Amino acid sequence: MWNPFKYGPNLKLVRLQVKLSWPFITYGKKLSAVPILKWIIYPFFKRPHNELTSIPIHVNIESPESVALPQRLVERLIAQVDEVFLMDECHCAGVKNRMSPRLNTGCLAFGPSTSRIHPSHGRLVDTAEAVRHVQKAAAEGLVANIAHVWIDALAFQLTQFNRLLFMCFCDDDQCLYRSFMKSRGPSLDKTYKKLPGLSVQVDPSNCEMCVTCVNYCFVSAIEIQGDAAVIGADCTGCGLCVGHCPEGAISLTMENEEEMFQQLLDRVREISNLPLRVDQSLSQKLP
Ligand code: SF4
Ligand code: SF4
Ligand code: SF4
């Protein structure tokens, strides 16, 4: 028997909500380009209650410190959090395509609010199990997204939104966050923030102007200029174009691991009050 005072909605109810909200999100993104309507829609998608940071865990970036730097950043972030809830199912795939091979690669939810997530969604896991989940998602070619998004708190009816963060593992087929972003209005341009210290570039000497990347990019951040593809300011750093370029002309680079990690923690602090172990141990040391 569901006790609404103890838990938010169960799996079936959340699936229903995702199904019902799909047209609103789709048309909300499309209509956000229409005069007047865009001012009504914009507050739902603006910071600080709607922000995503992509981390391209599926791309191996070799550095002196680590052979899989983006994945390492995510693993280190997980080690900073006491409560990690692993969802058994990706809710987007659960609604859009239950045959999808990524159906069982669900989101991770972080923070004290996760105690209200109904047990039918999954369970609390320790750092080691959460890290294994990230490695599985990376092997499936999914991009990690750190999400501080009001719709997640609403769907699961989690209080303390500021002390909640989701980490989703997304592709371009099912994801409610990533889909329809090509038809967004300019007010949604800042929904995704690129991870500080990460850059994506095209080597013009290898580009054959095949436009594969142009078609793939979910935010239309790439265009052909002159005789090569050029990546523009709207690039989210998701890295999904890298593997699709048949010429291997697109690459990702990152600053050194420690700087990147500190910037990632700052980003988390900026968008939420998620209790981080590093901050807790610092405050215990203060007189
Ligand atoms: S946001 Fe990503 S991981 Fe989360 S439910 Fe949607 S596609 Fe799945
Ligand atoms: S996919 Fe590669 S080769 Fe094709 S346009 Fe993009 S960068 Fe150039
Ligand atoms: S240009 Fe590539 S890395 Fe940037 S948002 Fe588009 S697909 Fe992602």
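Author: Domain bounds here come from an automatic or database domain assignment. For this protein, that assignment gives domain 1 (11-196 + 255-285) and domain 2 (198-254). This is a predicted model, in which local features need pLDDT of at least 70, side-chain atom pairs count only at pLDDT 80 or more, and totals for chains, interfaces and linings use all residues. Residues are numbered from 1 along each chain as its sequence is written, and chains are lettered from A and ligands numbered from 1 in the order in which they are written.

Reader: What makes up the contact between domain 1 and domain 2?

Author: Two residues are in contact if their C-beta atoms, placed from the backbone, lie within 7 Å. The contact takes 18 residues from domain 1 and 14 residues from domain 2. On the side of domain 1 that touches domain 2 there are 9 nonpolar, 3 polar and 6 charged residues. For these classes, Ala, Val, Leu, Ile, Met, Phe, Trp, Tyr, Cys and Pro count as nonpolar, Asp, Glu, Lys and Arg as charged, and the others, Gly among them, as polar. The C-alpha centres of the two domains lie 23 Å apart.

Reader: How do you know what radius of gyration a compact globule with 287 residues would have?

Author: The globule rule is 2.2 Å times the number of residues to the power 0.38, and the radius of gyration is taken over C-alpha atoms. With 287 residues the rule gives a value near 19 Å; the protein has 19 Å, so the two agree.

Reader: Why is Val230 called partly exposed?

Author: A residue is buried if 20 or more other C-beta atoms, placed from the backbone, lie within 10 Å of its own, exposed if 12 or fewer, and partly exposed in between. Val230 has 14 C-beta neighbours inside 10 Å, so Val230 counts as partly exposed. By the buried cut-off, 37% of the 287 residues in the protein are buried.

Reader: Where is Val230, and what is it in contact with?

Author: Val230 sits in strand β10 (residues 228-231). Helices (H or I, at least four residues) and strands (E, at least two) are DSSP runs, numbered from the N terminus; the protein has 9 helices and 11 strands. Leaving aside neighbours within four places in sequence, Val230 is in contact with Val202, Glu223 and Gln225. Val202 is 28 residues away along the chain, with 6.6 Å between the two C-alpha atoms.

Reader: What makes strand β1 mostly covered?

Author: In strand β1 (residues 50-55), 6 of its 6 residues are buried. In a regular strand the side chains alternate between the two faces of the sheet. Asn50, Leu52 and Ser54 are buried on one side of β1, and Glu51, Thr53 and Ile55 are buried on the other.

Reader: How do you know which strands β1 is joined to?

Author: Two strands pair if DSSP finds at least two bridges between them. β1 has 6 bridges to β5 (residues 143-149), running antiparallel, and 2 bridges to β7 (residues 192-193), running parallel. Asn50 has Val149 as its bridge partner in β5, while Leu52 stands opposite Tyr192 in β7.

Reader: What makes a residue part of the shell around ligand 2, and which are closest?

Author: A residue is near a molecule if its C-beta atom, placed from the backbone, lies within 6 Å of it. Ligand 2 is surrounded by 13 residues, with Cys207, Cys210, Thr212, Cys213 and Cys245 the closest.
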